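User: Please take a close look at the surroundings of the ligand in this model. I would like the contacts first, then the fold behind them.

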Amino acid sequence: MLIHIEDVFVAYGSPPRAVLAGINLEIEEGEFVCVLGQTGCGKSTLLRLILGSEHPMRGRILVDGREHHQPDRTRGYVPQKYSLFPDKTVLDNITFGCEVSEFGLFARLTPAFYRRRKQLRAEAFDYLQRIGLRSCDAKKYPDQLSGGMQQRVAIAQALMTKPRILLMDEAFSALDPGTRRGMQQLVRDLWKATGTTILFVTHNTDEALRLGTRVIVLAKESVDQGSRIAMDLSVPAPCGDEEIPSLVRRLELVSESCAL
Ligand SMILES: Nc1ncnc2c1ncn2[C@@H]1O[C@H](COP(=O)(O)OP(=O)(O)OP(=O)(O)O)[C@@H](O)[C@H]1O
Ligand SMILES: [Mg+2]
């Protein structure tokens, strides 16, 4: 079991208001788990707990058998509010994570760093094309890109570090339908090729069913309770156009019955 979430409880504020309560979840290596749920139900919170940037008030989260108290390279993260380094070009934004994790400050003065940097830049160029940007975009700064282009650079940043677990929080929300389909295909192809374990938060039920091997729905049973896992659905692979409408209906019924 790669990710083991045991009876997790999270509350915010004073007095504390429960956001997640009694979350139990086991995720095996190589699963593609899509997370659905109404706004404010705790989807982003769940991702940040797995990332290790937040910690539960009760319960525990084990990744590869142990608790992690901070993010590291094994868990790539595309946050809901992504932010690129404004003073770095697109290419430098994509390579930055690998450069800092592989080389300390002084090691960056050595020939080995420059050799590795050349490799990383070639790889970043490859990702640039795969996310549908052009070579001439490599030298641009984030404020010269559209919101959708910035979002794709943030995705390339996370993919570059080749994490064992990839956490994506509404990663396609700023994309037009055509670009979104292209990015869905890219992520699905990368998942198949690498076996990365993916947790993907989306508000789009159809997208969840087309991408995931499993879909979970977070929902509250009453206003003052935290969200629980209201549904945990294995998605037939590949999920064909015939199955999707009935599965969408099932998921929407659960969401509606829990909508508060
Ligand atoms: N750091 C924080 N401090 C206080 N409250 C927080 C904090 N983070 C999240 N919350 C609250 O916890 C609840 C769940 O937030 P979260 O961002 O996880 O929801 P979500 O399901 O991702 O929503 P959305 O679909 O709108 O992105 C919200 O009511 C939010 O206001
Ligand atoms: Mg969110």
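Analyst: What follows covers the ligand shell, then the sheet and helix. The model is predicted. Ligand 1 is surrounded by 15 residues. Thr 39, Gly 40, Lys 43, Ser 44 and Thr 45 are the closest of them. By class, 8 residues of the shell are polar, 4 are charged and 3 are nonpolar.

For Gln 80, an oxygen atom of ligand 1 lies 2.9 Å away. On its own, ligand 1 exposes 640 Å², and the protein buries 64% of that. Two elements, β2 and α1, each give two or more residues to the shell. Helix α1 gives the most, with 4 residues.

Now the fold. The sheet is open and has 3 strands in the order β2-β1-β4, paired antiparallel. Its edge strands are β2 (17-27) and β4 (58-63), each pairing on one side only. Neighbouring strands are turned by 20° against each other on average, direction ignored. Strand β1 (residues 3-12) pairs with β4 over 5 bridges, in the antiparallel sense. Within this pairing, Ile 3 stands opposite Val 63 of β4. Helix α1 (residues 43-51) packs on the sheet and touches β1, β2 and β4. The direction of α1 makes about 125° with that of β1.

Definitions and conventions:
Residues are numbered from 1 along each chain as its sequence is written. Chains are lettered from A and ligands numbered from 1 in the order in which they are written. This is a predicted model: local features need pLDDT of at least 70, side-chain atom pairs count only at pLDDT 80 or more; totals for chains, interfaces and linings use all residues. Side-chain values use heavy atoms; hydrogens and water are left out. Two strands pair if DSSP finds at least two bridges between them. Axes are lines fitted to C-alpha atoms, for helices over the stretch in contact, and angles run from 0 to 180 degrees between N-to-C directions. Contact means heavy atoms within 4.5 Å. A residue is near a molecule or strand if one of its heavy atoms lies within 4 Å of it. A polar contact is a pair of N or O atoms within 3.5 Å; within protein, one must be able to donate a hydrogen and the other to accept it, and residues adjacent in sequence count only if both atoms are side-chain atoms. Accessible areas come from the Shrake-Rupley method with a 1.4 Å probe; for residues, only the protein chains shown count as cover. Ala, Val, Leu, Ile, Met, Phe, Trp, Tyr, Cys and Pro count as nonpolar, Asp, Glu, Lys and Arg as charged, and the others, Gly among them, as polar.
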